[in-house]
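Biologist: I am new to this structure. Could you walk me through the ligand site and the helix beside it?

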Amino acid sequence: MARVYNFSSGPAALPEEVLKKAQREMLDWQGVGMSVMEMSHRSKEFISILDAAKKGIRDLLHVPDNYEILFMQGGASTLFAQIPANLAQGFTTVSYLDTGVWSSKAIKEASKYANVNIVASSKEQKYTSVPNLVDWNINPESAYLHIVQNETIGGVEFDQLPETDLPIVADLSSTILSRKIDVSKYALIYAGAQKNIGPVGSVLVIIRNDMLERSQDDLPTVWNFKQLALNDSMINTPPTYSIYLAGLVLEWLLELGGVEQIEQVNIEKARRLYQKIDSSRLYSNPVDPNYRSRMNVPFILADESLNQAFLAEAENAGLKNLSGHRSVGGMRASIYNAMPLSGVDALIEFMSAFERKYGY
Ligand code: PMP
């Protein structure tokens, strides 16, 4: 069996060591005689798995004590609605930065709960940049300010946060654990698991305690942040296997040296790939170099009639899932934590060989 390099944007590649450990533990987790999938979520064994996953997040992201770590369900898309439902009660306005497809989806859901003040938008630049911080028009009456710090489809990423008294709520789905962040600057962070955390099925939420007080009793119980925190993410049956595998990924990352260490590898992977694209006559990336994502690297071919050949030949070379999102076309290489430098080098080598073959 040969494993390929998988450049999918999510569900994405998982570290091979993690998959092997899960395989070893599949039939009998640590001598209990059953798989994690078969355990009661209320058993002391599963509680220890959940606690270890939470501790992994706390250690890797240096999460302060006044934040809860929760594993929710329904994907990050559910949080698009769940966030205004919980945090906007008692407010008429919420503020959103618009930097791409995922921001727009979040805005659409929020507008069902409150008036959305768009603080700034890069739509006119076809979402290839991030509005300058000084141009953000934040409404101080808003319940919170929402940002998507890595737009997975557009390949746009930023890390500067505005100086504001508003609680900052951030979708970090496709950047979490790839770079250092200062959790204390946020009121709520959320991230679907299926990119840098583990398999699909759970959504990580890191929420500051004071935000829990905004959740009112008339919310659906399984949507209520306060109830979720009071019940340790287990109002109902949580996605146990997804949480278990997330725990293994977090353990793997800690052993590698943590976020600080993987960030250096991620910087180097992105540097090499963008350098290849920028020095080519065939490939190009439209994103403002100040805001290029380290995790999702979209690129187009000067001759679009070569797209199919590119994808087919890449696949033959063991480089899979390079096609861009259906809404933008072209190519996209997602190079999350689990993508080793050797995978990026193999892609670069293939891109160069493809250029030579087609006379570029
Ligand atoms: N936000 C971002 C930044 C994403 O990339 C995605 C999925 N690719 C989502 C939200 C939605 O996640 P889900 O499919 O888990 O609902």
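Biologist: Which residues are around the ligand?

Modeller: Keep in mind that this is a predicted model. By class, the shell has 3 nonpolar, 6 polar and 2 charged residues. Its members are G75, A76, S77, F80, W102, N150, T152, D171, S173, Q194 and K195.

Biologist: How much of the ligand's accessible area does the protein cover?

Modeller: Start with the ligand on its own, which has 400 Å² of accessible area. Of that, the protein covers 85%.

Biologist: Which helix gives the largest share of the shell?

Modeller: Look at residues 75-87. This helix supplies 4 residues of the shell, the largest share. Its name is α3.

Biologist: Where in α3 does the kink lie?

Modeller: The end-to-end span of α3 is 18 Å over 13 residues, close to the 18 Å expected. Still, there is a kink of about 30°.

Biologist: How many residues of α3 are buried?

Modeller: Buried means under 20% relative accessible area. Among those that qualify are A76, F80, A81 and P84. α3 is mostly covered, and its buried count is 11 of 13.

Notes: Residues numbered from 1 in each chain as written. Predicted model: local features only at pLDDT ≥ 70, side-chain atom pairs only at ≥ 80, totals over all residues. Heavy atoms only, no water. Near = heavy atom within 4 Å. Areas by Shrake-Rupley, 256 points an atom, 1.4 Å probe, with all protein chains shown as cover. Helix = DSSP H or I, 4+ residues; strand = E, 2+ residues; numbered from the N terminus. Nonpolar A, V, L, I, M, F, W, Y, C, P; charged D, E, K, R; others polar. Expected span 1.5 Å × (residues − 1). Bend = angle between axes of the 7 residues up to and from the residue. Buried < 20%, exposed > 50% of the residue type's maximum accessible area, 1.4 Å probe, protein only.
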